[in-house]
Amino acid sequence: MSELELAVHHTSLSVADLDAQRVWYQRALGLNNVIEEYQLDEPAVRTVVLQSDSGVRLELIERAGADRPRTFADPLNAAATLGFGHWAVSVRDLDTAFTSITAAGGTPVWPPAPAVQPDTRFAYVKDPEGNLIELIQT
């Protein structure tokens with residue numbers, strides 16, 4: 001059996017306020033390139049796919065009437081529920097990224113700390129709607 005050649009294409013995030021989250025992710029994470037925008041009337045859904053200069057893509061989806069059954073205090077709390085708990089991005093300078101993202105309205109969850117892998121550090125923040133983001137510096 002041959003190996004699959006996989007690469008992450010994008011991460012999808014359901015949000016309550018597409019316009020506000022779009023502005024925040026553009027400002028806080030530099031996802032400034034709009035790759036795609038789409039809207040459906042029934043069900044009422046709006047999407048935008050944002051991309052960073054380095055190629056990281058995030059699809060934001062807003063669906064009328066969507067609700068959040070649970071919020072997570074931190075990644076360990078998220079692991080108590082099946083499904084995706086957070087998304088992770090690589091950063092060059094963890095301390096600068098953590099400070100910049102929290103200054104832009106992100107909520108600090110875990111400050112920069114050593115990771116399990118040698119020469120790697122990580123931190124967690126939440127976006128304005130409470131979604132967990134892991135920042136990793138190798």
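**Close-ups of a predicted model**

**View 1. L50 meets its partner across two strands.** In β4, L58 is the bridge partner of L50. Their setting is the antiparallel pairing of β3 (residues 45–51) with β4 (residues 57–63), which runs over 7 bridges. Strands (E, at least two residues) and helices (H or I, at least four) are DSSP runs, numbered from the N terminus, and two strands count as paired if DSSP finds at least two bridges between them. This is a predicted model, where local features need pLDDT of at least 70, side-chain atom pairs count only at pLDDT 80 or more, and totals for chains, interfaces and linings use all residues. Residues are numbered from 1 along each chain as its sequence is written, and side-chain values use heavy atoms, leaving out hydrogens and water.

**View 2. Four strands make an open sheet.** Reading across, the order is β1-β4-β3-β2, with mixed pairing. β1 (11–14) and β2 (33–40) each have a single partner strand, so one side of each has no neighbour in the sheet.

**View 3. W24 and the largest nonpolar core.** This core (buried Ala, Val, Leu, Ile, Met, Phe, Trp, Tyr and Cys residues joined through side-chain atoms within 4.5 Å; buried means under 20% relative accessible area with a 1.4 Å probe, protein chains only) has 23 residues. W24, Y25 and L58 are among those with the most contacts inside it. Setting aside neighbours within four places in sequence, W24 is in contact (heavy atoms within 4.5 Å) with residues including L29, I101, P128 and I133.

View 4. Another core, of 6 residues, lies apart from the largest one; A78, V109, F122 and Y124 are among its members.

Key. Buried means under 20% relative accessible area, exposed over 50%, partly exposed in between (1.4 Å probe, protein chains only).
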